[in-house]
Amino acid sequence: MESTTEKLHTMAGHGKTRPKNSGSKKLFDNPILEALSRTHIMVPISMWLVLSVFLGWYAFTYTDMGTSTIATLFVTGLLVFSLFEYVLHRYLYHLTPSTPQRAKIQYTFHGIHHEYPKDKTRLAMPPALAIFVAGAFFGLFFLVMGEAAYAFFPGFLVGYSGYLAVHFIVHAYAPPKNFFKVLWINHSVHHYKNPESNYGVSSPFWDYIFGSFQK
């Protein structure tokens, strides 16, 4: 018989749950909530790239920051996102399902993706939720760094857009015959070999730093 811990891990999409390479799963009985839980990948990518361009234009046009300062803040935003991606994936998306409530949260946020990794409609945070999350992040950054957020946040969003693009490519297509193949293999190890490794999707850099990389 399964122990309580094994059952919770199964509820969360880990343990004995094998990835299904086709199909999808209904999360909500309410049809509106169910529809809002899905998105075409180009919707969020387009949103964030357009917002990045607007904020970058605002930084150049309406702030006193010079080109070098804006460029530095933009690159810093990219780097900070790469670390944020790793931390979020490792410590929230793979939250230890120690209680039924935590298991349900983990499954809703990420476990369903591990169970149905080929479901193209759930490879990005739905826009309806993502807009509020992005607003909260920009508010936090503006509170901490003032007008510098107009240059920093575009880098953060471009980093997120890159993550979304890579994540979609490695799940929606066969191994490509270019540099994306390395990332494809890296993320496949996370899904099909050891879900407690290779948390970096857009880059394995932080997995090397924190010792969670596996070939």
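**Close-up 1. Asn198 in the loop between H8 and H9 of the predicted model.** Asn198 lies in the loop that links helix H8 to helix H9, and its phi is near 50 degrees, a positive value in a residue other than glycine. Because buried means under 20% relative accessible area, Asn198, at 0% relative accessibility, counts as buried.

**Close-up 2. The packing of helix H7 against helix H8.** Helix H7, which runs over residues 149–172, and helix H8, which runs over residues 180–192, have axes that come within 9 Å and cross at roughly 75 degrees, which makes H7 roughly perpendicular to H8. On the H7 side the contact is made by Val166, His167, Ile169, Val170 and His171, and on the H8 side by Phe180, Leu183, Trp184, His187 and His191. Sorted by class, the residues of this contact between H7 and H8 are six nonpolar and four polar, with no charged residues.

**Close-up 3. The packing of helix H3 against helix H6.** The axes of helix H3 (residues 42–62) and helix H6 (residues 127–145) are 11 Å apart, and the two helices pack at an angle of about 30 degrees. Since angles under 35 degrees count as roughly parallel, H3 is roughly parallel to H6, and H3 passes H6 in a right-handed crossing. H3 contributes Val43, Met47, Trp48 and Leu55 to the contact, while H6 contributes Pro127, Ala130, Ile131, Ala134 and Phe138. By class, the contact of H3 with H6 has nine nonpolar residues, no polar residues and no charged residues.

**Close-up 4. Helix H4 and its buried residues.** Helix H4 covers residues 67–93, and at 1.5 Å a residue its 27 residues should span 39 Å, which agrees with the 37 Å between its end C-alpha atoms. The buried residues of H4 are Ile70, Leu73, Gly77, Phe81, Ser82, Glu85, Tyr86, His89 and Tyr93. An α-helix has 3.6 residues a turn, so residues three or four places apart point the same way. The elements that cover the buried residues of H4 include H3, helix H5 (100–115), H7, H8 and helix H9 (205–210).

**Close-up 5. Leu33 in helix H2.** Leu33 has its place in helix H2, which runs over residues 31–36, and with a relative accessible area of 43% Leu33 is partly exposed. Leu33 and Leu88 are 55 residues apart along the chain, and their C-alpha atoms are separated by 24 Å.

Definitions and conventions. Residues numbered from 1 in each chain as written. Predicted model: local features only at pLDDT ≥ 70, side-chain atom pairs only at ≥ 80, totals over all residues. Heavy atoms only, no water. Axes fitted to C-alpha atoms, helices over the stretch in contact; angles between N-to-C directions. Helix = DSSP H or I, 4+ residues; strand = E, 2+ residues; numbered from the N terminus. Parallel < 35°, antiparallel > 145°, perpendicular 65-115°, else oblique. Left-handed = near helix turned anticlockwise from the far one by under 90°. Contact = heavy atoms within 4.5 Å. Nonpolar A, V, L, I, M, F, W, Y, C, P; charged D, E, K, R; others polar. Expected span 1.5 Å × (residues − 1). Buried < 20%, exposed > 50% of the residue type's maximum accessible area, 1.4 Å probe, protein only.
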